[in-house]
Amino acid sequence: MKIAPSILSADFARLGEEVKMVEDAGVDYIHIDVMDGNFVPNISFGQVVVSALRPVTKLPLDVHLMIADPENYINDFVKAGADIIMAHVEATPHIHRVVQMIKAAGVKPGVVLNPGTPVEAIKYVLADVDQVLVMTVNPGFGGQSFIESTVEKIAELDQLRKEQGYHYEIEVDGGIQPETAKKCAEAGADVFVAGSYIYGADKPEEQIAALRAALN
Ligand code: DX5
Ligand code: ZN
């Protein structure tokens with residue numbers, strides 16, 4: 001079970017320290033939410049933040065692109081030092097091309113599903129991806145409530161993985177805290193993104209430990 005804090009809820013004025021703190025607390029990935037104000041109704045930050053964080057941590061940088069036409073920006077995020085790049089299937093007519101571009105650059109490709117998007121939409125790229133990110137809230141903001149109907153989608157992806165011998169990790173993102181993480185884990189999720197649950201607390205290392213305990 002992997003924990004991936006989302007820096008969207010971190011203190012941007014002290015971003016390097018915020019990343020080191022969760023690394024010291026034993027997390028597995030740093031989740032980086034890129035939003036363009038077009039695909040999602042909010043703007044966060046771009047590739048300069050990825051390159052600024054690259055020398056700060058040894059952890060894999062798990063980049064979640066919430067941007068329209070991600071194919072136009074893959075090379076920028078590769079150069080910035082991303083280890084995993086995930087694109088939304090709803091954000092491009094060319095998800096297959098995007099996955100191949102990421103792979104060809106030597107970075108792990110991932111594909112993302114909004115809560116309203118069925119697994120069927122990514123059927124023909126599942127064999128090629130290292131990660132499937134199931135959005136458990138509608139993307140755009142931290143601190144929203146977990147959408148229960150997404151649990152069934154996690155189970156469907158887990159079953160497909162077993163039946164077809166696919167190698168992807170199932171990642172969940174949005175409204176994750178110990179109780180919702182446990183439900184997702186039982187359905188087959190492997191990677192747990194948490195933003196406000198970790199960074200919104202006084203003692204993030206205690207939140208990480210509580211999340212870890214719920215997953216064991
Ligand atoms: C939402 C982002 C999430 C967000 C999660 O669009 O993709 O990664 O930071 O925030 P919480 O954990 O607060 O729901
Ligand atoms: Zn995210």
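How many residues surround ligand 1, and which are the closest? Here are some notes on that and a few other points.

1. To start with the ligand: 22 residues surround ligand 1, and the closest are Ser6, Pro139, Gly142, Gly195 and Ser196. By class, the shell around ligand 1 holds twelve polar residues, eight nonpolar and two charged.

2. A word on confidence, as this is a predicted model. The protein chain has a mean pLDDT of 98, with 100% of its residues at 70 or more. For the complex, the predictor gives a pTM of 0.98 and an ipTM of 0.99. Where pLDDT is low, predicted coordinates should not be read in detail, but the chain here reaches 70 or more in 100% of its residues.

3. Next, the record. An unreviewed UniProt entry carries a "binding site" annotation on His31, Asp33, His64 and Asp173. These residues span 143 residues in sequence, yet no two of their C-alpha atoms are more than 10.5 Å apart, so they gather at one spot.

4. The "active site" annotation, also from an unreviewed UniProt entry, covers Asp33 and Asp173. Their separation in sequence spans 141 residues, but their C-alpha atoms are not more than 10.5 Å apart, so this pair gathers at one spot.

5. Two packed helices are described by the angle between their axes and the distance between the axes. For helix α6 (residues 178–187) and helix α8 (residues 204–215), the axes come within 9 Å and cross at roughly 35°. The crossing of α6 and α8 is right-handed.

6. Which residues make the contact between α6 and α8? From α6 come Pro178, Ala181, Lys182 and Ala185, and they meet Ala210, Leu211, Ala214 and Leu215 in α8. By class, this contact has seven nonpolar residues, one charged and no polar.

Definitions and conventions:
Residues are numbered from 1 along each chain as its sequence is written. Chains are lettered from A and ligands numbered from 1 in the order in which they are written. This is a predicted model: local features need pLDDT of at least 70, side-chain atom pairs count only at pLDDT 80 or more; totals for chains, interfaces and linings use all residues. A residue is near a molecule or strand if its C-beta atom, placed from the backbone, lies within 6 Å of it. Ala, Val, Leu, Ile, Met, Phe, Trp, Tyr, Cys and Pro count as nonpolar, Asp, Glu, Lys and Arg as charged, and the others, Gly among them, as polar. pLDDT is the predictor's confidence in each residue, from 0 to 100. Axes are lines fitted to C-alpha atoms, for helices over the stretch in contact, and angles run from 0 to 180 degrees between N-to-C directions. Helices (H or I, at least four residues) and strands (E, at least two) are DSSP runs, numbered from the N terminus. A crossing is left-handed if the near helix is turned anticlockwise from the far one by less than a right angle, and right-handed if clockwise. Two residues are in contact if their C-beta atoms, placed from the backbone, lie within 7 Å. UniProt positions are given in the numbering used here, feature names are shortened, and annotations may be inferred rather than shown by experiment.
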